[in-house]
2 protein chains.
Amino acid sequence: MKKLYLKDIAKNLDVSMTAVSLVLNNKGDENKISQETQQRILDYAKANNYVPNQLARGLSRGKTETIGLIIPNISDMFYAKIAGSIEDRAMERGYTVVFSSSNENPDKESRLIKSMLNRQVDGLIIASTQQNSKDIKWLQKGKFPFVLFDRHYPEINTNYVIVDNFGGVSKMTKHLLELGRKRIGFVTILSELDAMEQRFLGYKLAVEGSQGKQQELIVESLKYDNYTREIKNAVTRLVRGKKKVDALVFSTHYLAKEGIIALKELGIKIPQEVAISSFSTISGFDLADPPITAVFQPIQEIAKASVDILIDEIEKKNTLFDNYRRRVLDVKFEIKKSCGA
Amino acid sequence: MKKLYLKDIAKNLDVSMTAVSLVLNNKGDENKISQETQQRILDYAKANNYVPNQLARGLSRGKTETIGLIIPNISDMFYAKIAGSIEDRAMERGYTVVFSSSNENPDKESRLIKSMLNRQVDGLIIASTQQNSKDIKWLQKGKFPFVLFDRHYPEINTNYVIVDNFGGVSKMTKHLLELGRKRIGFVTILSELDAMEQRFLGYKLAVEGSQGKQQELIVESLKYDNYTREIKNAVTRLVRGKKKVDALVFSTHYLAKEGIIALKELGIKIPQEVAISSFSTISGFDLADPPITAVFQPIQEIAKASVDILIDEIEKKNTLFDNYRRRVLDVKFEIKKSCGA
DNA sequence: GAGCCTAACTAAAGCGCTTTAGTTTTGTTG
DNA sequence: CAACAAAACTAAAGCGCTTTAGTTAGGCTC
């Protein structure tokens, strides 16, 4: 039951620690350890269930095959799924994932970055609060490998993986217009996030159109802190107020969820009175009556791209360092009954 | 920009590494380092943003302040939330969390346990596949600190944190009976999980009753692998078949979700034709029309109890080692319209 | 002013591994 | 069979920290 160390293998087999280490790291051949010795070592290690101490290994080699993942909130389905996919992909490539949630707090994000660096992760994948350019620039300057996803800093040159927020919302909004809706409201979160800005712009483009007949922009922006309380008022204003919208575009899934609940409570019929669509989904959207039209983010692809870009950077490091990799992924738009299609 | 090490601090301040290490670990006083020296070291470290290498620290101290979390699936809202809460609580107590998903695969679970041990985690929190008693017993024998949650092995003596599955379902089922439903169906996953067994028994107790007028047990068990495909048939059999149930109890949230979708597709009215309730929820349940009656698991408490039990064990270790800590938490039962209340 | 304390400090071993710079052994060749 | 190369192997330093077992300097006591 007591732990078996490299040293023990060496002693028991009467070879050097060097030999054992080399063989177990697949460097036996290139270091001319005889096949026979290699086999003895491998057999013994396997038979005795040897597992190396990764701390020692990491300390010695200066790398840990670990990547740090920082997300705003693991309880958000979107990030939870991303985290799952990132873990899967990382594992496929031989890396372990350490994650932490920043809870949308830039200070916590900053502390987490530091803490992950202490723990000697080889690289970071971050969905930033986008209010932490200080650390991002610092990572940049220190040439530490990292990839931003979902949220990026438009003014900083970094690797990133995002989706086509603009296109997604504009397509969604146009679709509503094509279905004959005239007064389309946009419900969003008051935020500096570029993603949110892009979604708004997508809505704006669609509504203002490039052709002649322009529609009015009708927007409600809620604070992240209290949107659950405020959304009912917002929705009421939009639907029952002067603006009298006949369609709503929600900029994100959690808003949509609360919005739909509010609409139901108010007894507003979807899609007869007001058509609904949402950017990004939760699994419950097809439980709603009617099911909700929404833009789907390509979770697996985001995860895969992020991990792959990061690991490439970690492993090649100095080669193409000024060649930032950006990926803007397409989104899928699934039409359900809520938009009155 | 280059990294600052303990050694550098010592050199620059012309003191020993010992002094620096002791002071930075708050052991200055007990080792009689003068206040003045302590202050110099602290100031210098702070000013230069010193952060210790945790690998070296861990290697040297034989502990890492890290706990490993193994869950079946981070994309499941229940586990995602648990993971979030575990992380929060662990951080409060000064620990970092490393997580991985087993995807309900006992082999992967086994590999993950080994891999986490290599990485020198101080303890493990596991929602096991419950088909891996080998490793659990092995951890037990090695006196390695761990806590099971959500799933436990009834035949093995371990720490665990679970909820009152039996009571939750039986309460839910009784409630349906009290509302006048006569023929209550139970939809569950075919599984060896004790939790599932307990939920079934809760249903059984409620339906068979202790009094005279016994009702019939009507059960559909689906395979985990293909429940999404099979559920529609199962529901059809129950509602439209000979059994003609007038209420359904789902043993778990993902079954309920698919079940409700199936019912809608079949045009079956909830709760008029069939009342619905579910053990455990997803956030979308209140989007459904009508909202779904369900048992809520006390996520934060599960997380807190698991972390606290684990850390106590890690830190006190040898003291009360044969005193396994078990916690069976109460569940909340929220009545919504779907059960016909 | 020798002996002893205490306060303040430090040298160096050790954590378990990797890797560089060897050394030893064997085999080949003229 | 001396000379040398190749094959097979190893000693030991080093990764950055903690901690044990000291040492040193100064102050008191009698």
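Of the 27 residues around DNA strand C in this predicted model, those that come nearest are Leu6(A), Ser21(A), Ala56(A), Ser16(B) and Ser34(B), where a residue is near a strand if its C-beta atom, placed from the backbone, lies within 6 Å of it. Local features here need pLDDT of at least 70 and side-chain atom pairs count only at pLDDT 80 or more, while totals for chains, interfaces and linings use all residues. Residues are numbered from 1 along each chain as its sequence is written, and chains are lettered from A and ligands numbered from 1 in the order in which they are written.

The surface near DNA strand C draws at least two residues from each of α1 (6-13), α2 and α4 of chain A and from each of α2 and α4 of chain B; helices (H or I, at least four residues) and strands (E, at least two) are DSSP runs, numbered from the N terminus. Around DNA strand D there are likewise 27 residues, and Ser16(A), Ser34(A), Leu6(B), Ser21(B) and Ala56(B) come nearest. Here the elements that each supply at least two residues are α2 (17-24) and α4 (54-61) of chain A, together with α1 (6-13), α2 (17-24) and α4 of chain B.

The same surface serves both copies, since 100% of the contact residues of chain B recur in chain A.

The contact between the chains takes 40 residues from chain B and 40 residues from chain A, two residues being in contact if their C-beta atoms, placed from the backbone, lie within 7 Å. On the side of chain B that touches chain A, two or more residues are given by each of α4 (54-61), α5 (77-92), β2 (96-101), α6 (106-118) and α11 (253-265) of chain B. The largest share of that side, six residues, comes from α5(B), and by class the side has 19 nonpolar, 13 polar and eight charged residues.

Within chain B, helix α8 (residues 165-178) and helix α9 (residues 194-208) pack at an angle of about 35°, with their axes 7 Å apart; axes are lines fitted to C-alpha atoms, for helices over the stretch in contact, and angles run from 0 to 180 degrees between N-to-C directions. Residues that make this contact include Phe166(B) and Leu177(B) of α8(B) and Leu201(B) and Tyr203(B) of α9(B). By class, the contact of α8(B) with α9(B) has nine nonpolar, seven polar and two charged residues.

Chain A has 12 helices and 12 strands, and its C-alpha atoms fill a box of roughly 85 × 40 × 35 Å, taken along the principal axes.

Some local backbone features complete the description. In chain A, the peptide bond from Ile270(A) to Pro271(A) is cis, with omega near 0°, and Pro271(A) is found in the loop between α11 (253-265) and β9 (275-279). A cis peptide bond also joins Asp289(A) and Pro290(A), with omega about 0°, and Pro290(A) lies in the loop between β9 and β10 (293-296) of chain A. In chain B, Asn26(B) has a positive phi of about 60° although it is not a glycine, and Asn26(B) is found in the loop between α2 and α3 (35-47).

Terms used. Ala, Val, Leu, Ile, Met, Phe, Trp, Tyr, Cys and Pro count as nonpolar, Asp, Glu, Lys and Arg as charged, and the others, Gly among them, as polar.
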